[in-house]
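Have a go at each task before reading its solution.

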Amino acid sequence: MCLQVAVPVDRRLIGYIVANIGEFARTHGMTVREAGNYLNRYKGLDFLAEHYEAEHLLSLGVQDLTRVCYNNGGGMR
């Protein structure tokens, strides 16, 4: 038997991540799916979730997100 624990979801965090994926996709000429996969693979989504409290107060930081992914093995600059 597997016990599942419900974790409350912060809808603001979800909206923030979705907006960043969309902006990242537009900036780099990718589809939203490609951008989401890239950000997931190269730790961009982890960065967004971990630093939400500080980053959401700033404008969408595609440059910062690109740098985080690059530092984690992504090829885009």
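**Exercise 1. Rings**

Which residues do ring pairs link into a cluster?

*Solution.* Ring pairs join Phe 24, Tyr 38 and Tyr 42 into a cluster. Rings of Phe, Tyr and Trp (its six-membered ring) pair if their centres lie within 6.5 Å; planes under 30 degrees apart count as stacked, over 60 as edge-to-face and the rest as tilted.

Before going further, please note that this is a predicted model: local features need pLDDT of at least 70, side-chain atom pairs count only at pLDDT 80 or more, and totals for chains, interfaces and linings use all residues. Residues are numbered from 1 along each chain as its sequence is written, and side-chain values use heavy atoms, with hydrogens and water left out.

**Exercise 2. The overall layout**

*Solution.* Start with the elements: the protein chain has five helices and zero strands, in the order α-α-α-α-α from the N terminus. Helices (H or I, at least four residues) and strands (E, at least two) are DSSP runs, numbered from the N terminus. Next, burial: of the 77 residues in the protein chain, 35% are buried. Buried means under 20% relative accessible area, exposed over 50%, and partly exposed in between (1.4 Å probe, protein chains only).

**Exercise 3. Helix α1 from end to end**

*Solution.* Step one is the span.

Step two is the ends. Asp 10 caps the N-terminal end of α1, with a side-chain oxygen 2.9 Å from the backbone nitrogen of Arg 12. After α1 comes Gly 29, with a positive phi near 65°.

Step three is burial. The buried residues of α1 include Tyr 16, Ile 17, Asn 20 and Phe 24. Val 18 also belongs to α1 (residues 11-28), but Val 18 counts as exposed because its relative accessibility is 53%. Together with Val 9 and Ile 14, Val 18 makes a nonpolar surface patch of about 280 Å².

**Exercise 4. The aromatic pairs**

How many aromatic pairs does a search of the whole structure find?

*Solution.* The search finds three. One of them is Tyr 16 with Tyr 52, an edge-to-face pair at 5.2 Å centre to centre with 65° between the planes. This pair links distant parts of the chain, as Tyr 16 is in helix α1 and Tyr 52 is in helix α4 (residues 52-55), 36 residues apart. Tyr 16 counts as buried because its relative accessibility is 10%, and Tyr 52 counts as buried because its value is 7%. Tyr 38 and Tyr 42 form a tilted pair, at 4.9 Å centre to centre and 55° between the planes. Both Tyr 38 and Tyr 42 are buried.

Definitions and conventions. Patches are made of residues with over 30% relative accessible area and no salt bridge: like charges are joined within 9 Å, nonpolar side chains (Val, Leu, Ile, Met, Phe, Trp, Tyr) within 5 Å. Accessible areas come from the Shrake-Rupley method with a 1.4 Å probe; for residues, only the protein chains shown count as cover. A salt bridge is a side-chain nitrogen of Lys or Arg within 4 Å of a carboxyl oxygen of Asp or Glu. A polar contact is a pair of N or O atoms within 3.5 Å; within protein, one must be able to donate a hydrogen and the other to accept it, and residues adjacent in sequence count only if both atoms are side-chain atoms.
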